[in-house]
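Me: Hello! Could you walk me through this model, one question at a time?

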Amino acid sequence: MSTTDPHTTAPLASGSNGGSRPTTARSGAKAAEDARRQQAEDSATAIAARYRLPYVDLRTATIDYGLVERLPVDFLVRNQVIPLERNGGTQIFAVADPTNFELIDELEQKVGQRVEMAIASPLALDEALKRGNASSRIMHEQTRAIGVSVVRETEHGEEVVDIASIATDEETAPVIRIINLIVFNALERRASDIHIETRDTEMAVKYRIDGALYPATDPIDIRYAQNIIARIKVMSELDIAERRVPQDGRFRVLVRGRKIDFRVSIMPTVFGEDAVVRILDKEQINESFRELNLTTVGMAERDLVKFRRFIAEPYGMVLVTGPTGSGKTTTLYAALNEIRNDEDKLITIEDPVEYQLQGITQIPVNEKKGLTFARD
């Protein structure tokens, strides 16, 4: 698939340039998210009515984050429970499953007072647990429990390596936790890119979601900046001593049993080095590309007619260009979906193969083995 510099931060390309329309893509994603949220809230309301318990909307409810801090994180996450305000001598908790009667006894033992239940959706509970002062604590515990391992290619196949075992001598436990947190949180928020920017007094981390950049965490102390970049270089098998020229690499990690590819671009700046990490989550891509066609890409009708005519030609070239997130890969896969058939043999050369299409011969580039675009 054709690519451009991942450092590009220009807005999404218009439909006439082969990319998705920004308003169409973002409004569509927001509508899908709103529908998913509403479905979760409707389900929680129905459960509350069935068990004659109060329903609570955690977006407006008062949450006792002081009590959240005192309760074990793994207990809250595992049982999907969060404390609300007290009602006299009774502590109210929001839960997703009202049939877990053992949870009530355990909560009463932990808080030392009578407990009552209210029903909230699992989605709202998950978001509430990650808000406020408890978010970094909860995410830290989750990333430490889940772990992030690097998958490396060897002559005998793939080898799973614990990230801590490939740390440089200068790296410390806080740096390892920061990287795990950044990667895990990006996957949770379905980000397409991670931008790590070194500034004069701090390091900023941003996620690209639906084509726009959003702050990922609070600014990181500048003293960790050099070690964080060095760690990313080690994971990508880049030269950690070279800080004057750009470097590009890639790595693969194992999270929750899923192999996820990352493409890395390191760029020297005035205050140090910046990193842009492109996330290629094939499972997420497979889900979104299952019913992909050119109609859903967002082109103008006139451009769509021309593009379909061009890709149907027996020879020639169709060049799809644009900044990161503009829809190049989506457009090309949608085109392949439309022209593939049993009568023609279609061959692609991709770096990397982001989605496997039935009936098409897809060749992945492997620079380490000498299999490049020129060699193919």
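Reply: Gladly, and one definition comes before the rest: contact means heavy atoms within 4.5 Å. This is a predicted model, in which local features need pLDDT of at least 70, side-chain atom pairs count only at pLDDT 80 or more, and totals for chains, interfaces and linings use all residues. Residues are numbered from 1 along each chain as its sequence is written, and side-chain values use heavy atoms, with hydrogens and water left out.

Me: Which residues of helix 4 are buried?

Reply: Helices (H or I, at least four residues) and strands (E, at least two) are DSSP runs numbered from the N terminus, and helix 4 spans residues 101-111. Buried means under 20% relative accessible area, exposed over 50% and partly exposed in between (1.4 Å probe, protein chains only). By that rule the buried residues of helix 4 are Leu 103, Leu 107 and Val 111.

Me: Why are they on the same side of helix 4?

Reply: An α-helix has 3.6 residues a turn, so residues three or four places apart point the same way. The arc is taken from the directions from the helix axis to the C-beta atoms. The buried residues Leu 103, Leu 107 and Val 111 sit on the same side of helix 4 because they cover an arc of only 55°.

Me: What do the buried residues of helix 4 pack against?

Reply: Their partners include both helices and strands. The face turned away from the buried side carries the exposed Phe 101, Glu 102 and Gln 109. The buried residues themselves pack against helix 2 (65-70), helix 3 (73-79), strand 1 (81-87), strand 2 (90-95) and strand 3 (114-119).

Me: Are Phe 251 and Phe 262 buried or exposed?

Reply: Phe 251 lies in strand 10 (residues 247-255) and Phe 262 in strand 11 (residues 258-269). Phe 251 has 8% relative accessibility and Phe 262 has 1%. Therefore Phe 251 counts as buried, and Phe 262 also counts as buried.

Me: Where does Arg 190 lie?

Reply: Most residues other than glycine have a negative phi, and most peptide bonds are trans. Phi of Arg 190 is positive, near 55°. Arg 190 is partly exposed at 48% relative accessible area, and it lies in the loop between helix 7 (173-188) and strand 6 (193-198).
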